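Here is a brief report on one helix pair and some charged side-chain pairs. Keep the structure open while reading.

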Amino acid sequence: MKLTELLSSINPIKVIGPAETDILSLTADSRHAGEGAMFVAMKGVTVDGHTFIPSLEGKGIAALVVEQLPETLWDNTTYVVIENSAVALGHLASCWYGHPSRKLHLIGVTGTNGKTTTATLIYEMARLMGYKAGLLSTVVNYVDTEAVHANQTTPDPLTINGLLARMVEKGCSYAAMEVSSHAAHQHRIAGLKFAGGVFSNLTRDHLDYHKTVQAYLEAK
């Protein structure tokens, strides 16, 4: 994919370097960044992806998406300065996979309790009504009838959009997904188009992360 196409999905503050370069892969994990990759440096809860940029020197990185430029700029690498890398990754991932959420009736389910049950019921109801459907949940993901291992309630944007793209390829019309407060706060659902949403309930939970009930509610 051309970098110009990916850039059309975000609003860069500044682009330094050629925009017509070919992007062979998209990742926010420096361990998976290699020749022709676009690496998105994100500031996480405990780790700042910008600190891994020096380790990528000489690996043929095609583009770096950053919130602040590194001290040394490499030749043949395009630098994309963005306000929020986490938000950018969501939109880039959606673009990379052909905006699959726009081709599905995607229902997001959030709340302290009942997310898995509610999302699963939506998935099963769609199938009982004769539609092909997909599910992203804590217990298991489904691409139509194919079970796919789940390792967290709401995956990262690349995993989400990759699974949604597989649902589209399989002819799914509907998809239901759990949306945790952590995922919402960390912008893992950025770039997704939701046809509807379900809010189940709110109880005192995850205050070690959100600090206050109000902040938890706002994330939901």
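## Arginine 166 and glutamate 146

This is a predicted model. Arginine 166 has a relative accessible area of 32%, so it is partly exposed. Its partner is glutamate 146: the two side chains form a salt bridge, 2.7 Å from N to O. The pair ties together distant parts of the chain, 20 residues apart. Arginine 166 lies in helix H4, and glutamate 146 in strand S9 (residues 146-148). Glutamate 146 is also partly exposed, at 32% relative accessibility.

## Other salt bridges

The structure holds 5 salt bridges. One of them joins lysine 43 and glutamate 67, at 3.8 Å from N to O. These residues are 24 apart and link distant parts of the chain. Lysine 43 sits in the loop between strands S3 (37-40) and S4 (63-66); glutamate 67 sits in the loop between S4 and S5 (78-81). Lysine 43 is partly exposed at 45%, and glutamate 67 is partly exposed at 22%.

Glutamate 124 and arginine 127 form another salt bridge, at 3.4 Å from N to O. Both are in helix H3 (residues 115-128), 3 residues apart, so about one helical turn separates them. Glutamate 124 is partly exposed at 32%. Arginine 127 is partly exposed at 33%.

## Helices H2 and H4

Helix H2 (residues 85-96) packs with helix H4 (residues 157-169) at about 25°, and the axes are 9 Å apart. The two helices are therefore roughly parallel. Their crossing is right-handed.

From H2, Leu89, Gly90, Ala93 and Ser94 meet Pro157, Leu158 and Asn161 of H4. The contact residues comprise 4 nonpolar, 3 polar and no charged.

Technical notes. Residues numbered from 1 in each chain as written. Predicted model: local features only at pLDDT ≥ 70, side-chain atom pairs only at ≥ 80, totals over all residues. Heavy atoms only, no water. Axes fitted to C-alpha atoms, helices over the stretch in contact; angles between N-to-C directions. Helix = DSSP H or I, 4+ residues; strand = E, 2+ residues; numbered from the N terminus. Parallel < 35°, antiparallel > 145°, perpendicular 65-115°, else oblique. Left-handed = near helix turned anticlockwise from the far one by under 90°. Contact = heavy atoms within 4.5 Å. Nonpolar A, V, L, I, M, F, W, Y, C, P; charged D, E, K, R; others polar. Salt bridge = Lys/Arg side-chain N within 4 Å of Asp/Glu carboxyl O. Buried < 20%, exposed > 50% of the residue type's maximum accessible area, 1.4 Å probe, protein only.
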